[in-house]
Amino acid sequence: MYPQRNLDNEGDSFPARRGYVPDALTVDSVLAVARYGGMNRAAEHLNVSQQTVSMRIAKLEKHLDARIFWRGAAGSSTTEVGRQVVRVLESLEDALDECARGLEEALGEGVVEEVKLVASNTVAELDYPRWAAKYLRISPQTHLHMRQLNSQGAQRQVVQGQAELAVVEGNWVSHELHQRVLGHDELVVVVPAEHPWAQASDHGHSDTKPGKTASREKIVTKNELKSTPLVLREPGSGTREVVEAVLGELAPPAGEFGSLGAQRTAIGAIGAPGVIARRAVASQLATGQYVEVPVVGVKFDRPLRVVWSSKNRLSEPALRFLRFLANQADGQMA
């Protein structure tokens, strides 16, 4: 039987009924928009429709009789009231997570520990699913709570204490973080098969296999590449950081995209060159849909790193996952 409350004083009574408290899905929606800067990206993160996210936020704004976000073409930004709401909901998010863990333990369910981590977009698509599957086979009691951001955003989450670990791309690492290199990722220049650079690659070499680059009559130089509008990842991504570090000032881009998948598709849709991880376009190169274009004297080498706070001690579950990632480093990322 549920234990009765002990009322020491005659005046003691049960607390008054609480006012309006948003449900967990609304909490997730508000925080996702605040963290990702827009309804669409929040919806992608939550795996729901943009309309669902918008409706949840509109309902909360109606209850509060206050605007939480300013909506615009560039995304969503928090109002002054919205910033206060976000701080409150972050506390509620922690309480909801703790409640969920407590209920799981009470019911004897297997998930008893959690690792909060962030993965950059390329890592999240190409590496993380394999890591997670392997780790959960050896540690089924662990819940890996992964968020996907670009490399700068991922590091920011660790610095702010919203995640314990982040796996990122590129050379820049915040001075507030420790790091461990997991491997290296090669970026390449690719174009659709119909692009003039691809035609130059194949001219006079009809026996060239799909995805292979034949001898070129026209050579793409560094200056030519940097002066050509490219299909790029957004500023803040590890890919963009490496491209700008190697090439310097770039021509206005043919398009900027916030995910690896969107950039990969856009190269063909726009019909412009793109600089992208070779692993991300392996199937397109194999079928001949895209052609790799060599650039004289240019090599895009991108380190992949796991980072963690230099100020906050890692929890035991996070430390175990860090050791797991370190053990995967040799020969696993190529």
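Biologist: Which exposed residues does the face of α3 turned away from its buried side carry?

Modeller: That face carries Q51, M55 and K62, where exposed means over 50% relative accessible area, buried under 20% and partly exposed in between, with a 1.4 Å probe and protein chains only. Helices are DSSP runs of H or I with at least four residues, numbered from the N terminus. This is a predicted model, in which local features need pLDDT of at least 70, side-chain atom pairs count only at pLDDT 80 or more, and totals for chains, interfaces and linings use all residues. Residues are numbered from 1 along each chain as its sequence is written, and side-chain values use heavy atoms, without hydrogens and water.

Biologist: And which residues of α3 are buried?

Modeller: They are V53, R56, I57, L60 and E61. Seen down the axis of α3, these buried residues fall within an arc of 135 degrees, so they line one face of the helix; the arc is that of the directions from the helix axis to the C-beta atoms.

Biologist: What follows α3?

Modeller: D65 does, and its phi is positive, near 55 degrees.

Biologist: New topic: how many aromatic pairs are there in the whole structure?

Modeller: A search finds three. The rings of F321 and F324 have centres 5.7 Å apart and planes at 25 degrees, so this pair is stacked. Rings of Phe, Tyr and Trp (its six-membered ring) pair if their centres lie within 6.5 Å; planes under 30 degrees apart count as stacked, over 60 as edge-to-face and the rest as tilted.

Biologist: Is F321 buried or exposed?

Modeller: F321 is buried, at 1% relative accessible area, and F324 also counts as buried, at 7%.

Biologist: Which residues do ring pairs link into a cluster?

Modeller: The cluster consists of Y135, F321 and F324.

Technical notes
Helices (H or I, at least four residues) and strands (E, at least two) are DSSP runs, numbered from the N terminus.
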